[in-house]
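Here's a quick briefing to read alongside the model. Have the structure open and follow the points topic by topic.

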Amino acid sequence: MFAQAKERGDRDLQEPLLQQLVLRSVPIISRAVRDSDVSLGPRDLKAIEDEALIKVLARLARSGERADIRALAYEIGRECALDPDRRLAPAPKLSPPRPKLRIVHG
Amino acid sequence: MADIDAVLAEALEDIKQGRARTVPDYLKLVPDADRERLEELLAVFHNHQAAAEGPDPVDPQRYQDALELVDRVFSEERGEGDLPVLLTELRRARRIPREELLAGLAERFGLAGKDRKRLQRAYHQLETGQIEGRCLSDRLLEALGSLLKIDPRDLRSAADRSGRISSAPAQAFGRGLGEVKNDEVPGDRGSARQAGSSQGERLVHDLFYGGPDG
């Protein structure tokens with residue numbers, strides 16, 4: 001159905017079909033990232049999952065039903081998690097406590 | 001070229017050991033005729049892995065994020081087309097500032113000085129949906145794919161869906177390329193200018209307005 005909608009350039013039909021496929025990929029990407037055993041903070045894990053989701057969407061929009069969504073989501077989620085060039089979120093800055101000063105009128 | 005069984009065994013061992021290699025890395029190792037088969041076999045394995053323990057329970061917000069992403073990429077209202085949104089979203093997720101991506105493109109195509117500025121302006125036009133997808137060259141999409149780690153065929157497909165130019169005249173911020181009129185393909189105007197242009201100017205023109213073979 002997706003392939004037909006794509007062929008006709010019917011974006012109104014393509015969008016809900018893509019939504020369904022992308023929603024199915026969400027828990028699989030999460031599983032693939034967890035299986036990859038990367039110890040990262042929640043912000044970095046979310047960035048990995050975001051990137052994987054974007055790539056899955058781009059692939060689905062190209063190949064549609066021909067892609068096996070479960071295999072595709074797992075493969076891309078794993079690749080994103082293990083990417084050695086991934087940039088991590090900067091560590092929060094630790095600032096020294098502000099000194100408690102008071103004015104002494106002499 | 002290696003034997004398909006040997007490459008498959010190597011891939012499965014890599015996956016088991018958590019080594020970072022992508023499916024295209026393995027496909028390059030086998031003859032063209034075996035690539036589709038190897039891709040299918042790897043997909044079967046990934047499918048099996050995904051199914052082995054079932055999906056993870058996921059924060060419901062992730063589903064909402066996913067729907068919003070589809071909405072942004074497919075939004076007709078913004079009129080920018082799919083590729084500009086895809087590039088922006090990928091840069092954000094990979095934490096790559098636009099300047100850094102431009103530095104990568106400039107290095108790859110050997111552009112410096114004024115030509116680098118031209119590249120900057122053209123890329124700005126690309127990310128703001130002012131360039132029709134069909135005008136983009138394959139080598140530009142390959143370079144972007146390599147820098148953003150995405151299959152260039154997916155970028156080409158998104159570019160092909162970016163054929164719309166918004167109804168309002170597009171503004172170019174900066175000097176040189178000016179305003180892009182709706183009934184004007186920038187490439188045509190560029191071609192007319194090519195006679196007196198520098199090599200770098202021609203290169204930027206070919207990359208962004210020269211079409212797939214540019």
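Start with the overall form of chain A: a compact globule of 106 residues would have a radius of gyration near 13 Å, but chain A comes out at 22 Å. Bear in mind that this is a predicted model. For the complex, the predictor reports an ipTM of 0.78 and a pTM of 0.73.

**Chain A at a glance**

- The C-alpha trace of chain A spans about 85 × 30 × 20 Å along its principal axes.
- Burial in chain A stands at 41% of its 106 residues.
- If you take the contacts in chain A with a separation of 6 or more, 71% of them are between residues 24 or more positions apart.

**Chain B at a glance**

- Chain B has eleven helices and zero strands, and reading along the sequence gives α-α-α-α-α-α-α-α-α-α-α.
- Of the 214 residues in chain B, 31% are buried.
- For contacts in chain B between residues at least 6 apart in sequence, 64% join residues at least 24 apart.
- Helix α1 of chain B covers residues 4-17, and its 14 residues should span 20 Å at 1.5 Å a residue; the end C-alpha atoms are 20 Å apart, which agrees.
- Just after α1(B) comes Gly18(B), with a positive phi of about 70°.

**Where the chains meet**

- How many residues of chain A are in contact with chain B? There are 38 of them, in contact with 34 residues of chain B.
- On the chain A side, α2 (11-35), α3 and α4 (69-81) each supply at least two of the residues that touch chain B.
- The most comes from α2(A), which gives 13 residues to that side.
- By residue class, the side of chain A that touches chain B divides into 18 nonpolar, three polar and 17 charged.

**Nonpolar cores**

- The largest nonpolar core has 62 residues, and those with the most contacts inside it are Val22(A), Leu53(A), Val56(A), Leu57(A), Ala73(A), Leu86(B) and Phe208(B).
- Which helix provides the largest share of this core? Helix α3 of chain A (residues 42-63) does, with ten residues.
- Take Leu86(B) as a case to look at: leaving aside its neighbours within four places in sequence, Leu86(B) is in contact with Ile54(A) and Ala58(A) from chain A, and with Val73(B) and Ala158(B) from chain B.
- A second, separate core has seven residues, including Ala11(B), Val23(B), Val30(B) and Leu38(B).

**Loops worth a look in chain B**

- Arg95(B) sits in the loop between α5 (82-94) and α6 of chain B. Arg95(B) isn't a glycine, yet its phi is positive, at about 55°.
- Is Arg95(B) buried, exposed or partly exposed? Arg95(B) has 15 C-beta neighbours inside 10 Å, so it counts as partly exposed.
- Lys149(B) is another residue other than glycine with a positive phi, in this case near 55°. Look for Lys149(B) in the loop between α8 (138-148) and α9 (152-160) of chain B.
- Lys149(B) has 17 other C-beta atoms within 10 Å, so this residue is partly exposed.
- Gly110(B) lies in the loop between α6 (98-109) and α7 (113-127) of chain B. With 10 other C-beta atoms within 10 Å, Gly110(B) is exposed.
- From Gly110(B) to Ala122(B) is twelve residues in sequence and 16 Å in space, C-alpha to C-alpha.

- The average pLDDT of chain B is 79, and 77% of the residues score at least 70.
- Where does pLDDT stay under 50 in chain B? That happens over residues 164-193, for which the model has 41 contacts beyond four places in sequence.
- Where pLDDT is low, the predicted coordinates should not be read in detail.

Terms used:
Residues numbered from 1 in each chain as written. Chains lettered and ligands numbered in written order. Predicted model: local features only at pLDDT ≥ 70, side-chain atom pairs only at ≥ 80, totals over all residues. Rg over C-alpha atoms; globule rule 2.2 N^0.38 Å. Buried ≥ 20, exposed ≤ 12 C-beta atoms within 10 Å, placed from the backbone. Contact = placed C-beta atoms within 7 Å. Core = buried A, V, L, I, M, F, W, Y, C linked by C-beta atoms within 7 Å. Helix = DSSP H or I, 4+ residues; strand = E, 2+ residues; numbered from the N terminus. Nonpolar A, V, L, I, M, F, W, Y, C, P; charged D, E, K, R; others polar. Expected span 1.5 Å × (residues − 1). pLDDT = per-residue confidence, 0-100.
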